[in-house]
Amino acid sequence: ALVTLFDDTRALDEKGTADLAARLVDDGVSAVVVAGSTGEADTLDDDERRRLLDAVRARVDGVPVLAGTGGTWAGQAARRTAAARDGGADAALVLSPRRTADVRPYYAEVAAAAGDLPLLAYHYPVVSPPGIPVEVLPELPIVGAKDSSGDAERLLCELSTWDGHLYPGAATLLSFAGPLGCPGAILALANARPEQCAAAFAGDAGVQRALTADHLAAAADFPAGIKAMVAERYGTSAVVRG
């Protein structure tokens with residue numbers, strides 16, 4: 001879940017962001033998401049989203065690049081998803097809408113605009129409540145989902161009742177989710193600790209415990225916390241737009 005870099009005037013630095021993506025791939029990341037919640041998507045206009053996707057795709061050729069395309073309503077998310085498809089994204093990560101009890105019409109409209117672009121639903125109730133009920137997942141036109149709830153019981157229920165590709169978004173569940181068969185994880189912390197996140201996902205409980213302090217630091221004053229950690233590791237800008 002790639003951070004988006006800005007210069008000192010808070011202008012988008014798509015080249016710097018693409019360079020960071022390439023360094024993370026070199027350090028073991030196998031795919032990147034641009035314009036997700038970690039990437040301060042709410043602050044990006046449509047042109048910035050396009051420039052960001054273009055730059056990252058060109059820099060990490062051959063590595064899957066997903067685009068965050070959620071919106072406050074279905075029409076907005078559908079347009080963003082169509083633009084991501086036309087821009088060459090490998091899949092779209094679609095945050096569920098706020099204050100919507102039934103998300104099925106929203107995802108149906110997004111899927112109609114997506115064409116053959118694979119969709120991942122995105123459950124993040126802290127940011128966009130109420131999120132996606134587990135029992136609704138099999139009814140959505142999606143190939144998988146990201147779950148950033150950090151709820152281990154919910155993760156078990158999802159894995160037990162649904163056969164879509166499930167990606168945890170909480171670094172606290174890595175050594176739990178990997179051995180249970182999740183195909184990967186989509187994480188803010190991977191911007192600063194890619195090797196450790198991969199080791200924890202592979203089932204290393206010691207690394208999982210050691211990541212606790214980093215997880216808390218990255219979550220503090222989000223996204224400023226994770227950006228400060230990335231700046232320390234890779235020398236990137238820590239400027240946020242929030």
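**Salt bridges across the chain**

I began with Glu 14, which is partly exposed at a relative accessible area of 22%; here buried means under 20% relative accessible area, exposed over 50%, and partly exposed in between, with a 1.4 Å probe and protein chains only. Before going on I noted that this is a predicted model, in which local features need pLDDT of at least 70 and side-chain atom pairs count only at pLDDT 80 or more, while totals for chains, interfaces and linings use all residues. Residues are numbered from 1 along each chain as its sequence is written, and side-chain values use heavy atoms, with hydrogens and water left out.

I then looked for the partner of Glu 14 and found its side chain in a salt bridge with that of Arg 51, at 3.1 Å from N to O; the term requires a side-chain nitrogen of Lys or Arg within 4 Å of a carboxyl oxygen of Asp or Glu. This pair links distant parts of the chain, since Glu 14 lies in helix H1 (residues 14-26) and Arg 51 in helix H2 (residues 46-59), 37 residues apart. Helices (H or I, at least four residues) and strands (E, at least two) are DSSP runs, numbered from the N terminus. Arg 51 is also partly exposed, with 26% relative accessibility.

Next I looked up Arg 233 and Asp 27, whose side chains meet in a salt bridge at 3.4 Å, N to O. Because Arg 233 lies in helix H10 (residues 224-234) and Asp 27 in the loop between H1 and strand E1 (32-34), the pair ties together parts that are 206 residues apart in sequence. I listed Arg 233 as partly exposed at 30% relative accessibility, and Asp 27 as partly exposed at 25%.

For a local pair I turned to Glu 158 and Arg 154, whose closest N and O atoms in their salt bridge are 2.9 Å apart. Both residues lie in helix H5, four residues apart, or about one turn of the helix, and both Glu 158 and Arg 154 are buried. I also followed shared partners, and found that salt bridges join Glu 14, Asp 47, Arg 50, Arg 51 and Asp 54 into one network. My search of the whole structure gave 18 salt bridges.

Which way do the residues of strand E5 point? Gly 144 and Lys 146 point one way from E5 (residues 144-147), Ala 145 and Asp 147 point the other way, and all are buried. Leu 120 stands opposite Gly 144 in E5. E5 is also joined by four bridges to strand E6 (residues 165-168), again running parallel, with Asp 147 opposite Pro 168 in E6. From E5 the chain crosses through helix H5 (residues 152-161) to E6 in a right-handed β-α-β crossover, that is, with the strands pointing away from the viewer, the path from the first strand over the helix to the second runs clockwise.

**Whole chain**

I counted 10 helices and six strands in the protein chain, and of its 242 residues 53% count as buried. The C-alpha trace spans about 45 × 40 × 30 Å along its principal axes.

Technical notes
Two strands pair if DSSP finds at least two bridges between them.
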